[in-house]
Amino acid sequence: ALMGTSAQWYSARESVPLQLIKRSKVASVAIIWDEAEKAATSRHNGSPLDALLPMLEIDQAKRYRDLALEVEVDLSMVSHFATANSLDGVPAPLRDRMRVLEMPDPTWQHIGALSKQIIQRLAAERGIDARWFEPLAEDEIELVKQAWPGGSIRQLTRIVTTILDGRSAIIGRA
């Protein structure tokens with residue numbers, strides 16, 4: 001569906017960039033393709049990466065043929081960003097058409113800033129004013145350093161959640 005579906009089908013859909021342009025009423029939309037290395041590489045039902053490549057070439061994007069509308073559309077103003085946990089699974093043609101910026105994995109030195117963001121997100125999810133959650137204390141940061149090897153924000157979120165839930169349990173008994 002990335003490149004749209006054929007007008008011969010009753011459920012024809014425009015390409016994803018064209019849908020965003022229609023919805024926002026702006027030609028310069030930005031699309032984030034998350035975890036590009038996990039995109040299916042099989043060409044049995046069409047490859048999403050093969051569909052994306054012409055959208056990344058300015059000359060081809062200016063004359064992109066939308067399958068649902070059966071006309072050429074100009075997608076040259078669309079900005080494409082992709083994330084990947086590793087470049088190993090990202091095909092060379094895609095890497096060639098995009099600027100690669102490598103981000104270092106977070107480490108224990110980032111615990112302070114990351115934990116503040118995690119606490120704010122947890123407060124919002126729980127419908128609680130973030131001011132009710134104190135930042136991690138020094139002893140709690142030491143616990144996080146022992147439990148978190150770095151890298152995974154999901155793992156860090158689980159650890160911080162456990163600490164906050166432990167605080168609530170202790171306060172609930174007081």
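This is a predicted model: local features need pLDDT of at least 70, side-chain atom pairs count only at pLDDT 80 or more; totals for chains, interfaces and linings use all residues.

Is T157 buried or exposed? Its relative accessibility is 15%, and the cut-off for buried is under 20%, so T157 counts as buried. Leaving aside residues up to four places away in sequence, T157 touches I118 and R121.

Next, helix α1, residues 16–24. Its buried residues are P17, L18 and I21. They span an arc of only 100° around the axis, so they lie on the same side of α1. The general point is that an α-helix has 3.6 residues a turn, so residues three or four places apart point the same way. What do the buried residues of α1 pack against? The list is β1 (30–33), α2 (48–56), β2 (64–66), β3 (71–73) and β4 (79–82). After α1 comes K25, and the phi of K25 is positive, near 60°.

Last, helix α6, residues 138–147. Here the buried residues are E140, I141 and V144. Looking down the axis of α6, these buried residues fall within an arc of 100°, and therefore they line one face of the helix. Which residues are exposed on the other side of α6? Those are E138, D139 and Q146.

Definitions and conventions
Residues are numbered from 1 along each chain as its sequence is written. Side-chain values use heavy atoms; hydrogens and water are left out. Buried means under 20% relative accessible area, exposed over 50%, partly exposed in between (1.4 Å probe, protein chains only). Contact means heavy atoms within 4.5 Å. Helices (H or I, at least four residues) and strands (E, at least two) are DSSP runs, numbered from the N terminus. The arc is that of the directions from the helix axis to the C-beta atoms.
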